[in-house]
Each structure stands twice: as C-alpha cells, then as structure tokens.
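Please read it with the sequence and the structure open beside you.

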Amino acid sequence: MSKVLIIGAGGVGTVVAHKVSQHPEVFQNIVIASRTKEKCDALAKAIGNPDIITDSVDADNVSELVALFKKHNPDIVINVALPYQDLPIMDACLECGVNYLDTANYEPKDEAKFEYSWQWAYRDRFKEAGLTAILGCGFDPGVSGVYTAYAAKHHFKEMHTLDIVDCNAGNHGKAFATNFNPEINIREVTQKGKYYENGKWIYTEPHEIHKPLTYPNIGARESYLLYHEELESLVKNFPTLRRARFWMTFGQEYLTHLRVIQNIGMARIDPIMYNGVEIVPIQFLKAVLPNPKDLGENYEGETSIGCRISGIGKDGKPLTYYIYNNCNHHEAYLETGAQAVSYTTGVPAAIGAMMFLTGKWKRPGVYNVEEFDPDPFMEKLNQMGLPWHEEFNIDLEL
Ligand code: NDP
C-alpha cells in the first residue's frame, strides 16, 4: 500500500491531485497538505474522492513538517509548494525517512537566484538514508530533461547543441497575469539571460537576445533567451553538449507590463515599510494580480514545449531532432480545472512519483530527471495526457 503526500494546493497541486487520484493502482492513499487547509478541502471535494485526507502545514518550518510526516507516514512527498520550501521539506524527509520529488529548484527568499548546489549538497545524506530525491520533475525542468535523455539514448551518438523552446500561445483574456505563481515567475523572467557555450556560461541583459521561432500548430512567435535551471544539470549530465540555451515566448503586452512593474519598483524582493507594516513589493503585487489557478475557465489556445537538438546520429551522420508536446488550455481545464501551464507541470510530477513507487526510478541519492531511464516515463506521458511528437532532419531555426 503506497501513500503519497502532496504539499501545495495551487495550480500545479490541483493537477497532481487529480492525476494521482486517477491511478489508484499506484497511489492507494493520498494526503494533500498546504498552508491553507480550506484550499486542500476544496480540491479534494472537486476531485470527488472521499478517501483523500487533507491537512495544513507551514512548509517553511521543519518541525511542523516532521509532525505532519509522522502523522501520515507517506512513502513519497510531492513538493508543489514554492521553491523556498525545498530545503525544509528535504530536511524533514531525511529526519522521517520519506522520499522526495519537486518541480523547481531551491531559491532563497531574499535573493532571486536559483541553482542546484543547495539541493545537490543533500546527495550523500539521501544516499546514506537509502532515500530517493527526484529534482525538477515538472515540464521544464522535467520533461525537457527526459526528452534530452531519450534523444541521447535512442537517436544520438553525440549531442552538440540543445535548445529548449517554450511557447505559450494561449489567451486568458486578462491584460496581465502570470501562468504560475507570480512571485516566482516575475523573479525568473526579469533576471539576466544566461546560456552555455564551449564550456562557459555567457550572460546577457534580460530579454536581450530574441528571434521568431516556429511552433507546431501555432506558427512563428517571438522567443526570448532566458536562463532556466535545467541547463545547469543537462550540461553536466551530457558533457558532449557544446551549446545549451532556453527560449520562451512573450507577447509585447506582457513585456510592457513587466517593464512598468520593474520600473516602478513593484518587482522588488526586499522588504519596505508601508504604513508601519513591513511588506515585500512583489508579494503585495502577487496579492492583487489574477490567481493563476483561476485563469483556466476562459483560457484558449495551447502551449508547445520541446527540445531542438543537433549532433551526430547513431548512424554516424549529422542529425537534427525536435521533440515536443502541445497542450490545450481548455482541455486541461475541462479535465482538472487548471490551465495548461499547471497541467504540463503537474502531470510529470505525478508520473515521477509513479516511477518511484513502481520501482523504476528508485535510487538512493539526489538526482535530476535525466539521470534515470527515460523510457517508462515517456510511455506514461503518452498515456497520461502529454503525448509527444518527433521530427528528424528538419531546420531547427537555431
Ligand atoms: P501557486 O502559488 O498556485 O501554489 C503554491 C501552493 O503552495 C499554494 O497552495 C500555497 O498555499 C502553498 N504554499 C506556499 N507557501 C507555503 C508554505 N510555506 N507552506 C505550505 N504551503 C505553502 O503555485 P503553482 O502551483 O503555480 O506552482 C507550484 C510550484 O510549481 C512552484 O514551485 C513553481 O515554481 C513550480 N512550477 C514548475 C514548473 C515546471 O515546469 N517545472 C512550471 C510551473 C511551476 P497558499 O495558497 O496558502 O498560499
């Protein structure tokens, strides 16, 4: 009998909870815990599974987490709260002997900086405890790493360039909204760009490098070079890569709003005093922006996320390769009540936990997704709502 504990009941947590509920053959017992228990209760009610247990926890607090883990005794925790909570949850996992999975790497609250070093430092402790930690198991990071591992395993003798391309061609009808947690999203897209070339990291100004890229079933969209966390692990795990970059589409309206938000100081992450109360501007902004979880109902269009790779194929000849998934916002909403950005993150998190519980991705230590066998995960993507498509020897545009 396996028990999964989901921490976080936002957009992504909603999708994870729906997906694990659809697979009772793997997930026999489900607990959802978050800062606000009412949100967990509402989610359990929406799923309609009376066996789901809900609870509350402040996941910044290790002793509260330890009490929660002791009370429910889960086999694995799926952390879909915020990146700030990664380390406290990993600490509690070590203390209670619980396995771990997340979708975003640790970020300190007071510094908009994300890197794996903090979590990789737990490797020996998880190994000694006989526990598995699976890092970055959403779509990007997540499926982007699994796609790359699949390409390396089945198609390439040597990979030379990797471009992860992420397009959201959806329309939610709001002047400005972010597709996942606004605080995390704005911190991510306003920082400097960075990519890997010939063994070095090259820095750019935010949104300095951009070009139109053509996305399947969508067409050309202006795409901006950003730094994204999976580049750090992928260049380590696939050392033949000479260049690795990440691109994301943004509309002009979105970028204009973002520039204004930054220029007027609303993206600041340091506390300020307001009427005798300490507030962090970006956290205040989050409170007035649309909740990403509520965008689903009127969201039209689709996302398209994939990897474009070049190198030498298994047959020794030059090869270009594109693997991608398109996900429709409205269909995601009809199934789970959440839009495609939450859906494309939550489905892989549920699959990753399934990989662990079925013994396919069970290995004591702390690992990024591309370090496991991609095949069983790729099979589940097709079965669980994120089918993928491959194209060979095409113009990668990059
Ligand atoms: P939301 O803001 O919608 O949800 C976050 C949830 O975590 C909320 O239920 C929130 O509770 C809860 N939470 C926040 N702080 C705490 C805390 N201290 N203790 C307990 N619970 C807490 O975010 P999303 O669902 O959009 O995103 C979830 C995660 O997924 C983020 O880490 C994000 O970076 C990641 N992500 C990964 C992607 C990928 O492809 N890899 C893509 C998109 C997102 P409350 O409602 O009470 O505030």
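This is a predicted model: local features need pLDDT of at least 70, side-chain atom pairs count only at pLDDT 80 or more; totals for chains, interfaces and linings use all residues.

1. Residues are numbered from 1 along each chain as its sequence is written, and side-chain values use heavy atoms, with hydrogens and water left out.

2. Around the ligand there are 28 residues, of which R35, T36, K39, A59 and N181 come nearest; a residue is near when one of its heavy atoms lies within 4 Å of the molecule. Sorted by class, this shell holds 13 nonpolar, ten polar and five charged residues, where Ala, Val, Leu, Ile, Met, Phe, Trp, Tyr, Cys and Pro count as nonpolar, Asp, Glu, Lys and Arg as charged, and the others, Gly among them, as polar.

3. Among the polar contacts (pairs of N or O atoms within 3.5 Å), an N or O atom in the side chain of N181 is 2.7 Å from an oxygen atom of the ligand. A polar side-chain atom of S34 lies 3.2 Å from a ligand oxygen, and a polar backbone atom of G10 is 3.2 Å from an oxygen atom of the ligand. Taken alone the ligand exposes 940 Å², and the protein buries 93% of that, with areas from the Shrake-Rupley method and a 1.4 Å probe.

4. Helices α13 (residues 340-357) and α14 (residues 374-383) pack at about 135°, their axes 10 Å apart. Helices here are DSSP runs of H or I with at least four residues, strands are runs of E with at least two, and both are numbered from the N terminus; axes are lines fitted to C-alpha atoms over the stretch in contact, with angles from 0 to 180 degrees between N-to-C directions. That angle makes α13 oblique to α14, since angles under 35 degrees count as roughly parallel, over 145 as roughly antiparallel, 65 to 115 as roughly perpendicular and the rest as oblique.

5. Helices α3 (residues 62-72) and α4 (residues 86-96) pack at an angle of about 45°, with axes 9 Å apart, and α3 is therefore oblique to α4.

6. Two backbone details deserve a look. A cis peptide bond, with omega about 10°, joins D140 and P141, and P141 lies in the loop between β6 (132-135) and α7 (143-154). N198, in the loop between β8 (193-197) and β9 (200-204), has a positive phi of about 45° although it is not a glycine. Most residues other than glycine have a negative phi, and most peptide bonds are trans.

Definitions and conventions
A polar contact is a pair of N or O atoms within 3.5 Å; within protein, one must be able to donate a hydrogen and the other to accept it, and residues adjacent in sequence count only if both atoms are side-chain atoms.
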